[in-house]
Amino acid sequence: KMMKYLLVVSAAILVAAAAPNKRVKLSLKKFEHGYCEGTDNQPLVLNTLSVVPDPIEIHTGATIDVTIDLDLLEEVPADSKVSLKAKKLGLIDLPIPCVEIDNLHVGSCDYDMNYLIAQYAEFLCPDFLPADQECSLPLNPGKYGGSAHFELPEIPALIVELLAAGEYEVTVHAIRPDGSEETCFYVIAEVSA
């Protein structure tokens, strides 16, 4: 649940970082997601992930609406972690480093799930959780999701050509408290200007 939220928000902020004062319209040409090759454990089902508007306008103050619906099939234990690895695909893939923007880490970052839930509790709880789920780990099996409205903040300028249009891959590794991988999930999105 949190993984999908982080993917969408990270992608929007990374692209917005490319042009904070410039209006850029981006269309999602391709969007695919699934479990990484060789992943045996598939503890969640992503039923819906929608991003509006299309095309997305990327500039300071732009708004994005995201709807997500997923079924968590297994418990997420206390002290779990998430590792996101983002890259822009091309002749030579460009890794997107972990960058802090307004106290939000975006890009290829590692996250402690306890911290994320506590940090975003006001946003997540109770709207994105099942009725009987506490706003903390462990996360119990059930239906998670909801809708959110985001306004892009003012973000320091980066190079539009580097981050705006292109094909991106974000891989999410869910890490158990003992350090072993629980599962791996990917999203590939092609964005055109």
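Predicted model: local features only at pLDDT ≥ 70, side-chain atom pairs only at ≥ 80, totals over all residues.

Colleague: How is a pair of aromatic rings described?

Modeller: A pair of rings is described by the distance between the centres together with the angle between the planes. A search of the whole structure finds three aromatic pairs. In one of them, Tyr35 and Phe185 are arranged edge-to-face, with 5.5 Å from centre to centre and 90° between the planes.

Colleague: Which parts of the chain does the pair of Tyr35 and Phe185 tie together?

Modeller: Tyr35 belongs to strand E1 (residues 24-35) and Phe185 to strand E12 (residues 181-192), so the pair links parts that are 150 residues apart in sequence. Tyr35 is buried at a relative accessible area of 17%, and Phe185 is buried at 4%. Elsewhere, Phe123, Phe128 and Phe150 form one aromatic cluster.

Colleague: Where does Thr171 lie, and what does Thr171 touch beyond four places in sequence?

Modeller: Thr171 sits in strand E11 (residues 166-175) and is buried, its relative accessible area being 12%. Beyond four places in sequence, the residues touched by Thr171 include Cys36, Leu84, Cys184 and Phe185.

Colleague: Is Thr183 buried or exposed, and which backbone oxygen does the side chain of Thr183 reach?

Modeller: Thr183, in strand E12, is buried with a relative accessible area of 4%, and its side chain reaches the backbone oxygen of Asn41 at 2.6 Å. Leaving aside neighbours within four places in sequence, Thr183 is in contact with several residues, among them Tyr35, Thr39, Pro43 and His173.

How values were computed
Residues numbered from 1 in each chain as written. Heavy atoms only, no water. Phe/Tyr/Trp six-rings, centres within 6.5 Å; stacked < 30°, edge-to-face > 60°. Helix = DSSP H or I, 4+ residues; strand = E, 2+ residues; numbered from the N terminus. Buried < 20%, exposed > 50% of the residue type's maximum accessible area, 1.4 Å probe, protein only. Contact = heavy atoms within 4.5 Å. Polar contact = N/O pair within 3.5 Å; in protein donor to acceptor, adjacent residues only side chain to side chain.
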